Amino acid sequence: MISDETQTKKLPQGDTGTKTVFIKSYGCQMNVYDSQRMADKLSTAGYVETSEAEDADLVILNTCHIREKAAEKVYSELGRLRVARDERRRTGGDMQIAVAGCVAQAEGEEILRRAPAVDLVVGPQTYHRLPDLIARARQRTKPVDTEFPVEDKFAALPAPRREATLARGPSAFVTVQEGCDKFCTFCVVPYTRGAETSRSVAGIVAEVERLAAAGVREISLLGQNVNAYHGEGPDGRSWTLGMLLNRLARIEPVVRLRYTTSHPRDMDDSLIEAHRDLPALMPFLHLPVQSGSDRILDVMNRKHTSADYLRLIDRIRTARPDMAFSSDFIVGFPGETEEDFEATLRLIEAVSYVSAYSFKYSPRPGTPGARMGDQVEESVKARRLARLQALAEGQQRDFNQDRIGRTMDVLFDRKGKRPGQIAGRSPFLQAVQVEADETRIGTVASVEITAMGAWSLHGVLSDMPAREAVA
Ligand code: 5AD
Ligand code: SF4
């Protein structure tokens with residue numbers, strides 16, 4: 001839906017010269033990617049990025065709606081921005097304020113009613129239209145564009161800029177799939193991001209080749225339900241994620257491939273075989289299960305049992321024995337009993353995760369879960385969450401501890417915590433700090449792990465060559 005509202009104030013700002021934009025990203029990695037692509041698009045309209053909202057001619061809040069209070073956070077941030085904008089107006093400047101992302105999609109016009117300082121609202125499928133929306137917002141209208149358009153957003157976006165890619169480091173996100181058709185009963189995504197769509201193989205290959213040429217060494221493919229990927233291949237047929245990964249593994253010098261987030265039901269044979277066949281595909285998989293109780297899984301509409309999930313984990317481990325898993329969990333879904341919760345703990349014991357993200361169930365308006373009776377009390381949710389997190393943190397500690405004395409390849413992607421240190425990620429996404437020269441950032445090296453800190457592992461460069469191919 002596109003609509004305009006009358007704007008009461010005329011903005012004094014002209015259309016010429018360099019302008020600054022500050023983009024704040026909330027929520028998931030796809031929002032981080034979308035924010036980067038917005039910056040790419042806006043650079044074609046003369047905008048450069050700034051790291052301070054107060055210095056910006058345009059501020060974009062790229063919002064998340066997955067759990068409660070996300071919208072409230074956005075409204076309080078908008079209150080602060082209004083003050084910053086008024087301050088800029090006092091000194092002859094101005095600030096346009098845009099709300100993007102899933103709160104924009106879900107709330108639309110409501111945002112303009114609750115926060116009159118907002119100049120425009122743009123959903124996740126139409127941000128390629130930002131320059132046009134900004135221009136319209138200057139002409140006394142307040143555009144709200146939350147369409148699911150027929151045109152291809154990715155075709156309308158410019159290629160990622162080389163300088164920006166270099167500045168963002170050797171690890172990059174690429175969205176390959178959007179939307180979700182699963183309709184888990186707790187989740188807003190099918191409503192905010194719409195039906196599943198996949199980008200074409202050709203478009204993804206072109207983007208990855210460009211990123212690789214600019215120095216990117218690790219690509220994380222993103223999708224709300226990424227392993228349901230079914231984009232058009234160069235042969236005109238629908239390709240699976242496994243086929244896409246096989247194609248991307250041929251692009252040199254990318255050395256690492258990852259993908260997130262997957263649904264257990266969509267882990268097909270081609271994807272499991274890709275884990276067996278492609279050394280570049282990292283042995284780490286985020287595979288949310290949400291609950292270990294078959295009764296709760298059924299009410300959540302997950303379409304699998306805990307035994308199905310455990311069998312799947314076994315199959316993936318058979319294909320790639322060093323595979324490490326992470327998952328999302330929801331505690332206190334409506335009707336969850338102590339026994340259901342115990343089943344979740346048993347499943348966690350059975351899998352042994354290297355990391356876990358766990359949440360108290362929060363009823364999202366418009367989803368079936370919000371209308372279910374038998375909502376679980378907050379204090380019960382809090383108690384269960386603490387137990388689950390204690391178990392998962394223990395597993396994570398054990399896994400990290402177990403690395404000490406071993407060597408692992410690390411892709412260095414930033415400066416370390418202290419001078420003289422650089423930091424990177426292991427194949428299992430663990431943060432690793434090493435004393436080494438900054439010139440190594442952007443490369444992979446073999447590191448012997450020597451100690452475990454609170455937030456990261458510590459290691460020393462090893463004499464062994466990295467196992468992962470180096471450019
Ligand atoms: N309440 C709590 N957690 C939720 N998630 C999604 N919707 C809700 C909700 N209504 C969690 C799920 C999902 C992750 C991204 O967020 O665990 O996998
Ligand atoms: Fe939400 Fe994921 Fe379920 Fe889709 S599969 S409805 S995105 S939790």
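Start with the open sheet of three strands, ordered S8-S11-S12 with parallel pairing. Strands, like helices, are DSSP runs numbered from the N terminus (E, at least two residues, for strands; H or I, at least four, for helices), and two strands pair if DSSP finds at least two bridges between them. Before you click further: this is a predicted model, where local features need pLDDT of at least 70, side-chain atom pairs count only at pLDDT 80 or more, and totals for chains, interfaces and linings use all residues. Residues are numbered from 1 along each chain as its sequence is written, chains are lettered from A and ligands numbered from 1 in the order in which they are written, and side-chain values use heavy atoms, with hydrogens and water left out.

Colour S8 (171-175) and S12 (256-260): these are the edge strands, each pairing on one side only. Neighbouring strands here are turned by 25 degrees against each other on average, direction ignored; axes are lines fitted to C-alpha atoms (for helices, over the stretch in contact), and angles run from 0 to 180 degrees between N-to-C directions. Now pick S11 (residues 218-222), which pairs with S12 in the parallel sense over five bridges. Leu221 stands opposite Tyr259 in S12.

Next, select ligand 1. Which residues surround it? They are Ile66, Arg67, Phe186, Gln290, Asp328, Ile330, Phe359, Lys360, Tyr361, Ser362 and Arg364, where a residue counts if one of its heavy atoms lies within 4 Å.

- Arg67: a side-chain N or O atom is 2.7 Å from a ligand 1 oxygen.
- Phe186: a polar backbone atom is 3.0 Å from a ligand 1 nitrogen.
- Gln290: a polar side-chain atom is 2.6 Å from a ligand 1 oxygen.

Strands S14 (324-331) and S15 (355-360) are the elements that give two or more residues to this shell.

Hop over to ligand 2. Around it sit Cys180, Lys182, Phe183, Cys184, Phe186, Cys187, Val189, Pro190, His263 and Arg302.

Last stop: a closed barrel of five strands, S16-S17-S18-S20-S19, with mixed pairing. Its neighbouring strands are turned by 55 degrees against each other on average, direction ignored. Antiparallel strands S16 (residues 407-415) and S19 (residues 444-452) are joined by five bridges, and Leu411 has Val444 in S19 as its bridge partner. Finally, show helix H16 (residues 378-403), which packs on this sheet and touches S16, S19 and S20 (457-461).

How values were computed. Contact = heavy atoms within 4.5 Å. Polar contact = N/O pair within 3.5 Å; in protein donor to acceptor, adjacent residues only side chain to side chain.
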